[in-house]
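Open the model in your viewer and get ready to select residues. We will go stop by stop.

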Amino acid sequence: ARYVEVLSERRVDGILMAAPQAEHDAGLGRALRGRLPVVSLHTIEGLRVPLVGSDHVETGLLAVRHLILHGHKAIGIVSGTLGRHVTAARMRGSANAFKEADREPPDDDLVEEGDWTTAGGYLATMRLLDRAPQLTALFVHNDYMAIGAIRALYERGRGVPEDVAVVGCDDAPVAPYIVPSLTTVRVPFEDTGRVAMALLLRIVGGEEPPTTSTLLPVELVARASCGCAVAGRIQTDSDTQEV
């Protein structure tokens with residue numbers, strides 16, 4: 001809210017919000033109400049603004065559907081922070097995938113909360129393995145936690161993907177480079193920024209704000225960590241390397 005005051009004093013024409021903490025900051029919603037055109041990448045408590053993001057329900061659906069199609073029965077989930085809209089949406093998508101396969105979603109013993117960090121993914125996976133050593137697949141809510149999960153599995157003597165398949169989220173730049181390369185659901189972050197800024201500029205120019213959210217498509221990127229035999233190539237700025 002303090003930054004909103006500063007921006008308003010500088011007479012900016014509009015604000016693009018990229019602050020996940022806005023989901024639970026009622027003061028921010030009050031500070032923004034009626035002041036400036038706003039486009040946000042996250043919901044803002046107490047304020048309805050145009051939203052631009054990705055279909056995180058579809059993200060969860062694609063990830064878990066892929067693991068189910070690989071024949072996995074004991075699928076664990078390392079979720080993002082509970083209370084976040086993105087976490088809830090990805091969990092709904094996971095549940096939809098199980099329902100689509102005529103299966104019950106995993107019980108609490110197969111779900112563990114992470115904190116979006118590599119260390120958090122490692123610790124969450126350790127806790128999950130303590131409760132559910134029988135799991136054969138993991139859906140992890142972002143790629144950095146998935147890296148921590150793979151490390152935890154390695155320390156517990158579980159090979160990836162031969163013992164446990166792993167699917168992450170986001171398609172972070174590091175995902176193709178880890179061993180095994182990480183299967184993930186690509187979220188179009190750069191496109192999200194471009195679409196959000198273009199929308200804000202149109203609203204500043206007098207266009208009526210949309211009343212529905214703008215959700216960009218996501219896609220599954222199959223690599224080695226799920227058990228897919230994928231012959232891929234990593235494109236770099238300077239050369240192309242075999243993987």
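Contact here means heavy atoms within 4.5 Å. Keep in mind that this model is predicted.

**Stop 1: leucine 153.** Select Leu153. Ignoring neighbours within four places in sequence, it is in contact with Thr125, Leu129, Leu138, Arg158, Val160, Val164 and Val166.

**Stop 2: the largest nonpolar core.** This core has 21 residues. Leu153 is among those that touch the most other members, along with Val78, Leu135, Leu138, Val140, Val166 and Leu182. Now colour helix H5 (118–131), strand S6 (137–140) and helix H6 (143–155); each gives two or more residues to the core. H6 provides the largest share, five residues. In soluble globular proteins, nonpolar side chains tend to be buried together.

**Stop 3: helix H6.** Which residues of H6 are buried? Select Asp143, Met145, Ala146, Gly148, Ala149, Ile150, Ala152 and Leu153. Their cover includes strands S4 (75–79), S7 (165–170) and S8 (183–186), as well as H5 and S6. Next, check the length of H6. At 1.5 Å a residue, its 13 residues should span 18 Å, and the end C-alpha atoms are 19 Å apart, which agrees. Just after H6, find glycine 157, with a positive phi of about 75°.

**Stop 4: arginine 90.** Move to helix H4 (residues 85–100) and select arginine 90. Is arginine 90 buried or exposed? Its relative accessible area is 2%, so arginine 90 is buried. The side chain of arginine 90 reaches the backbone oxygen of histidine 141 at 2.4 Å. Beyond four places in sequence, the contacts of arginine 90 include His56, Trp116, Phe139 and Asp170.

Key:
Residues numbered from 1 in each chain as written. Predicted model: local features only at pLDDT ≥ 70, side-chain atom pairs only at ≥ 80, totals over all residues. Heavy atoms only, no water. Core = buried A, V, L, I, M, F, W, Y, C linked by side-chain atoms within 4.5 Å. Buried < 20%, exposed > 50% of the residue type's maximum accessible area, 1.4 Å probe, protein only. Helix = DSSP H or I, 4+ residues; strand = E, 2+ residues; numbered from the N terminus. Expected span 1.5 Å × (residues − 1). Polar contact = N/O pair within 3.5 Å; in protein donor to acceptor, adjacent residues only side chain to side chain.
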